[in-house]
Structures are given as C-alpha cells and as structure tokens.
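Hi everyone, thanks for having me.

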Amino acid sequence: MKNPILMELKKYNGYISGEQLSDKFNITRAAVWKNISKLKNKGYIIESVSGKGYKLIECPDILNEDEITENISTKFIGHTVYSYDEIDSTNKEAKRMAVSGAPDGSIFTAEIQNQGRGRLGRQWLSPKSVGIWFSILLYPDLTPDRIIPITLVAGISVCKTLISLGFDAKIKWPNDIVINGKKICGILTEMTAEAEHISSIVVGIGINVNTKSFDDDIKDKATSLYIESGKNFLRKEILCSVLETFEKYYIDYLDSGLNKIIDDYNNLCINIGKEVVACSVQEEIKGKAVRVKENGALCIATDNGIKEVNFGEVSIRGMMGYI
Ligand code: BT5
C-alpha cells in the first residue's frame, strides 16, 4: 500500500509541518514522526527544520509501490506492487499470492532473493539492491502450448530497454539477454494450469544493473550494466521501462500472436545464422539456427532437414564459454 505521508511530501516543493500532516491524516504528531523516521531508514532523504516542518529532498532507488506506480504509464501491469527487502524468490512469492487472489499484472520485487531460481532448479544469484529481481503475475486466457512465446515477449522487452539506454544488447534464445557475449539478464517463466487451461503465469526476470563483480564460478559469463559502462543506473527507471514495453508486446501477443515482433526478435537473436548445438534431456541437435518461429520455437537446419526446438540449452559451436 502507498504511504500517504510520503505522497503528501512528494506533492510539496517546500516544507510541510508535522501539525499539517497530523491534521490531514488524523494521527498524532508522534505517529507522523515515527512514519518519517521509517522513511528515512528506507533511504528517503527528508530534511526536518524546527518551526518549518519536513521537506523531501531525495527518493532512494528502491523498487516499492511508492517509487514504481508514480513513474509508470501502463494500463494494468505494475499497478499493484508487492515489494520485499528479502524473499526466497519473487517467482515463488508470485505463485503463492496468485492463490490468494493477487490481481492480474501484479509485480513482485525484492532487494535480495535468498533462493533466486533459474531453470531446471539452477540458482540465480540475487545480491542486495544491485539488480532488478522481479516477477510479473498474469492470468491470460491461453492454452498451455502458448506459454513459450511469453518468455520471448519478456526477452525482447528487456533487450529493447537496454538498447534504449545505449547498450548493444542481444537475445540468446530462449531466455537470456547478453551484452558483449555475457549474460546480463535471465528469464524464468512458470505456469500453473488446470485441465488444458492456464490459471496463472509468472514471468520472473533478473537484470544485473549495478553489480560491481561476480562470484568466480560465473564471472566469465555474467555481466552488469555497471561493468559494461562504468556507470550506475537507477533501477526503478529501468524496471518501469521494461514493464511498459512488456505490456505493449504482451497485449499484442494476446491479440495477434508474435507476428508484430518476430522479425525484430530474429534480428536481435545472436543464435540466428550460427552453427549451434541444442541440448535437451532427450537429444542433441546440431545444425544452423535459421529462425525463431511465431510459436517461439528455434528452427535448426540439420543434415536431416529442419528441426524445431522448443526448450533447452543452445550454444554456438566452436565458441568457448557461455554463448
Ligand atoms: C535463468 O535461468 O537465467 C532464469 C533466471 C531468472 C531469475 C529471476 S530473478 C526474479 C525471479 N525470481 C526467481 O527466483 N527467478 C527469477 P538459467 O537459464 O537456468 O540460468 C541460470 C544460470 O545463470 C546459473 O546456473 C548460472 O550459471 C547463471 N547465473 C546465476 N546467477 C546469475 C546472475 N546474477 N547473472 C548472470 N548469470 C547468472
């Protein structure tokens, strides 16, 4: 829920007295003071001058409802924000809250995830406040076979946002965004379905923003906006931009499939035109990646004709390292 005192402070350019705030919200001066102290603890810089009152000087880069809903222009995505200082995984939380009836388009953000997850039970490192760790909860009227393209919709949304910031970002099919051959973002889309019908989808996105260094085991394949540019970025602005782009493409997808974005997606996809090997649990397919189709599948030209891959790891043959 939005903090009404903060909203009031944001409205004023100058000082607002404790008395005005206590009258307006019908609370004691002590309660006003307590509320202001809490805001200061969260990182809001608020000047208090005796005889004048309080003045908001600066808002922190935190991903809470107060900071997101006022900066976002979407129809429904991100209108409800559940934000946490620390949580196991925003995807897990979104699934729990779906059961409790959280609204369509709710987002879940965390400063730290202590059990951040990748695909197939892998770990997603989510250290404190240096990245954007979030999930979008959706209730689309879709059959389960139409979930794969939603990861592509999320991927192109992040990629376009990073390009708009001046980065040479590319998509590694199906769920990574890369800069300079290193992973800057991963996407984990999960669904709950009942009898051939999706009840909810959770799109989890992790973006490394102001990370200064990575653990040894991923430092050769992971990067951040800071590492690529030497600059810090405001996470809340990037998050709002991703949500706005995602909503536009998501609505298009529900309306008319991937038609409008598939060419763009293919142009941004680093796998296309490369000799690749796609590994899934059942098989290994080698050949040239030719195109990602409207159903989200990667088409690979093999010695035995075109094969469609729906899921799995795809790496470029002959390249050492992650891509
Ligand atoms: C992914 O899995 O890339 C999906 C990551 C999704 C993370 C988001 S954060 C918000 C939401 N809540 C969650 O719990 N998850 C989602 P996968 O393709 O399986 O890649 C996982 C692999 O990426 C790991 O095995 C590491 O090698 C590498 N990795 C882990 N943390 C990383 C990081 N911060 N940056 C880059 N690479 C990382």
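Predicted model: local features only at pLDDT ≥ 70, side-chain atom pairs only at ≥ 80, totals over all residues.

Let's begin with strand β4, residues 107-113. Is β4 mostly buried or exposed? Six of its seven residues are buried, so the strand is largely enclosed by the rest of the structure.

Now, who are the partners of β4? One is strand β3, residues 81-87: β3 and β4 run parallel, and six bridges join them. If you want to find that pairing on your screen, look for Val-81, which stands opposite Ile-107 in β4. Then look for Tyr-82, which stands opposite Phe-108. Another partner is strand β5, residues 131-138, which pairs with β4 in the antiparallel sense over four bridges. Phe-108 turns up again here, because its bridge partner in β5 is Ser-135. There's also a helix in this story: β3, helix α5 (residues 90-99) and β4 together make a right-handed β-α-β unit.

One thing to remember when you look at strands: in a regular strand, side chains alternate between the two faces of the sheet.

Next up, the largest pocket. How much space lies in it? About 740 Å³. It is lined by 37 residues, and the closest to its centre are Gly-118, Arg-122, Gln-123, Trp-124 and Lys-183. As for the kinds of residue, the lining has 14 nonpolar, 14 polar and nine charged ones.

Okay, on to some buried residues. Glu-67 sits in helix α4, residues 65-69. Glu-67 has a relative accessibility of 1%, so it counts as buried. What does Glu-67 touch, beyond residues up to four places away in sequence? Its contacts there are Leu-6, Lys-10, Tyr-44, Cys-59, Pro-60, Ile-62 and Lys-236. Have a look at Lys-236 in that list: Glu-67 and Lys-236 are 169 residues apart in sequence, but 7.1 Å apart in space, C-alpha to C-alpha.

Asn-210 is another one, in the loop between β9 (197-208) and α7 (225-229). Asn-210 is in a loop, yet it counts as buried, because its relative accessibility is 9%. Leaving out neighbours within four places in sequence, Asn-210 is in contact with Val-130, Tyr-226, Lys-231, Asn-232, Phe-233 and Arg-235.

Then there's Asn-3, in the segment before α1. Asn-3 is buried too, with a relative accessible area of 16%, and the cut-off for buried is under 20%. Not counting residues up to four places away, it touches Asn-35, Leu-39 and Asp-66.

Which two residues are joined by a cis peptide bond? That would be Trp-173 and Pro-174, with omega at about 0°. Pro-174 is in the loop between β6 and β7.

And two asparagines have a positive phi. Asn-26, in the loop between α2 and α3, has a phi of about 55° although it is not a glycine. Asn-180, in the loop between β7 and β8, has a positive phi near 50°. Are these two buried or exposed? Asn-26 is exposed, with a relative accessible area of 71%, and Asn-180 counts as exposed at 64%.

Definitions and conventions. Residues numbered from 1 in each chain as written. Heavy atoms only, no water. Buried < 20%, exposed > 50% of the residue type's maximum accessible area, 1.4 Å probe, protein only. Contact = heavy atoms within 4.5 Å. Pairing = 2+ DSSP bridges. Right-handed = clockwise from strand over helix to strand, strands pointing away. 1 Å grid on protein atoms, 1.4 Å probe; cavity = no way out; pocket = protein on both sides within 12 Å on 5 of 7 lines; lining within 4 Å. Points joined across faces, edges and corners; volume = space filled by probe spheres on them. Nonpolar A, V, L, I, M, F, W, Y, C, P; charged D, E, K, R; others polar.
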